[in-house]
Amino acid sequence: MRFLAPSLEHPFGTDNIGRSVFDAVWAGAKNSLIIGIGCTVINMIIGVAVGAIWGFSKKMDKWMIEVYNVVSNVPFLLLAMILTYAIGSGFKPLIFTMTVTDWIFVAYFIRTQVMIIRDREYNLASKCLGTSTWTIITKNILPYLISVIMTYISREIPSIISYEVFLSYMGLGLSSEY
């Protein structure tokens, strides 16, 4: 059963031990999609919440921009490799590594978008009429960001998958067993 050519039983053939190559590809794709989607969901939940408040609050902007400057000046892959090496490889440590600092980039992007929408006339009128900040954020700003958020998600999932593949290639991600 070693090195069989592709057939109906083994669509991609078999490897040197006789295992189906299709099963290995499917297992790797499943893990990559779970990590990519899971990390993206966590990053988006934290990033959109923090970014919406960050973009609306000028007090929070002063110190969050400093945090962003520090985090953004450290290469993400270097930080991910150090964290993965320190806390170990595996499914949960890899998800933690991919989300511990990546959410701040989402928050910065959302902050910029919120700042653009925040100063429009209808939001200024709402504020003058006594509408609470929370209502302005949830009713006047976030609905306009849905298309922007969906576009960011479509960029984030492949990015996380490529980081996961690189870390696995370096021996710091998931093992190649299936």
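Residues are numbered from 1 along each chain as its sequence is written, and side-chain values use heavy atoms, with hydrogens and water left out. Because the model is predicted, local features require pLDDT of at least 70 and side-chain atom pairs count only at pLDDT 80 or more, whereas totals for chains, interfaces and linings use all residues.

Helices (DSSP runs of H or I, at least four residues, numbered from the N terminus) α1, residues 21–56, and α5, residues 103–118, pack at an angle of about 40° with their axes 7 Å apart. Axes are lines fitted to C-alpha atoms, for helices over the stretch in contact, and angles run from 0 to 180 degrees between N-to-C directions. Angles under 35 degrees count as roughly parallel, over 145 as roughly antiparallel, 65 to 115 as roughly perpendicular and the rest as oblique; α1 and α5 are therefore oblique to each other. Their crossing is right-handed, meaning that the near helix is turned clockwise from the far one by less than a right angle. The contact (heavy atoms within 4.5 Å) involves, among others, Met 44, Val 48 and Trp 54 of α1 and Ile 104, Ile 110 and Val 114 of α5. By class, its residues comprise 15 nonpolar, four polar and two charged. In this classification Ala, Val, Leu, Ile, Met, Phe, Trp, Tyr, Cys and Pro are nonpolar, Asp, Glu, Lys and Arg are charged, and the others, Gly among them, are polar.

Helix α2 (residues 58–72) also meets α5: the two axes come within 10 Å and cross at roughly 145°. Residues of α2 including Asp 61, Met 64 and Tyr 68 meet residues of α5 including Trp 103, Phe 105 and Arg 111. Nine nonpolar, one polar and four charged residues form the contact of α2 with α5.

Buried denotes under 20% relative accessible area, exposed over 50% and partly exposed in between, with a 1.4 Å probe and protein chains only.

In helix α4 (residues 91–100), Leu 94, Ile 95, Thr 97, Met 98 and Thr 99 are buried. The elements covering the buried residues of α4 include α1, α3 (76–87), α5 and α8. Glu 164, in helix α8 (residues 146–169), counts as buried because its relative accessibility is 5%. Beyond its neighbours within four places in sequence, Glu 164 contacts Ser 32, Ile 35, Leu 94, Met 98 and Leu 174. Glu 164 and Asn 31 are 133 residues apart in sequence, with a C-alpha to C-alpha distance of 9.6 Å.

Cys 128 lies in helix α6 (residues 121–128) and is exposed, with a relative accessible area of 72%. Phe 3 belongs to the segment before α1 and is exposed at 59%. Phi of Phe 3 is near 55°, a positive value in a residue other than glycine.

Terms used: Helix = DSSP H or I, 4+ residues; strand = E, 2+ residues; numbered from the N terminus.
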